[in-house]
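Please examine the sequence and the structure shown below. A short report on selected features follows.

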Amino acid sequence: MLMKDLLIMGLITAGQMTYNECFLCYLWCMCYYGLVSYEKAVVIHQQNKQNGVDNEIDREAIVIAEKAREYAMSLIKIYSEWPSEVPTPQEHDKDESVNFANQLFLYAMNYIMCHETAHVVLEHRGELLGENSYKQEYDADLWAFDTILTPPYKDSELTVQMGILMGLCSMIMSSPRTDDVETHRSSFKRLKKYFEKINPEPTSQLYAMACLYICVWDISFLKGYDWSEQCDNYKEMYDNIYKQIVSCCIKD
């Protein structure tokens, strides 16, 4: 299983859209990882810092979440059986984190499927490269965002926004690349367009979640970006690291 095979997220042939099973497993595990890491570590750390308390981080949950991420990354190279210590989506009635991860996964998939559908609806040409292809990809993303971020999803808007975010961040996590390729802008630029579209508050957990994924990506691929700058909110943190990334977009 090569990375290019894993990341063919939507194939439309003869009116049918098909998805690679490894990719579905990859995406769910990345959603679960982000959710648990954020809720069990980042949120607790924030509360401790703000309230001057020392609540213990659920390290067991973090270890399991990390195993889910490791399994997801392993699927880029070769298929293997689901690890016994990692919860499965079917356990939604036993584990609230699994239940919420399932919701986020579905919204992430909704975004991905809407993006692929947009290419058909907007009558895009598949053979284009460079700027023409980049515009098509952006247009497909915007069509997908507009389609998903409308009723009947308004009552769960933050969950929907988070699911789309996780879909975009899962693309980032899959590769060390930061540059554009012939047919697509970098995943970092696509994430930036998404934030410009939804315009969250500077303190939004959406920015916090993006920073979490990018920080783990940074560590995993030994990028060495500077996270030391003092920031008033997560938007500032995100903007700071994004500037570093786009200022040195060199092919890996």
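**Surroundings of Arg185**

Arg185 touches Glu131, Tyr134, Tyr138, Asp180 and Arg190, leaving aside residues up to four places away in sequence (contact means heavy atoms within 4.5 Å). Arg185 lies in the loop between α6 (157-173) and α7; helices are DSSP runs of H or I with at least four residues, numbered from the N terminus.

The Arg185 side chain forms a polar contact of 2.6 Å with the side chain of Asp180 and another of 3.1 Å with that of Glu131. A polar contact is a pair of N or O atoms within 3.5 Å, one able to donate a hydrogen and the other to accept it; residues adjacent in sequence count only if both atoms are side-chain atoms.

**Basis and confidence**

The model is predicted, with local features requiring pLDDT of at least 70 and side-chain atom pairs pLDDT 80 or more, while totals for chains, interfaces and linings use all residues. Residues are numbered from 1 along each chain as its sequence is written, and side-chain values use heavy atoms, without hydrogens and water.

The chain has a mean pLDDT (the predictor's confidence in each residue, from 0 to 100) of 88, and 91% of its residues reach 70 or more. Over residues 1-10 the pLDDT is below 50. Where pLDDT is low, the predicted coordinates should not be read in detail.

Notes
Helices (H or I, at least four residues) and strands (E, at least two) are DSSP runs, numbered from the N terminus.
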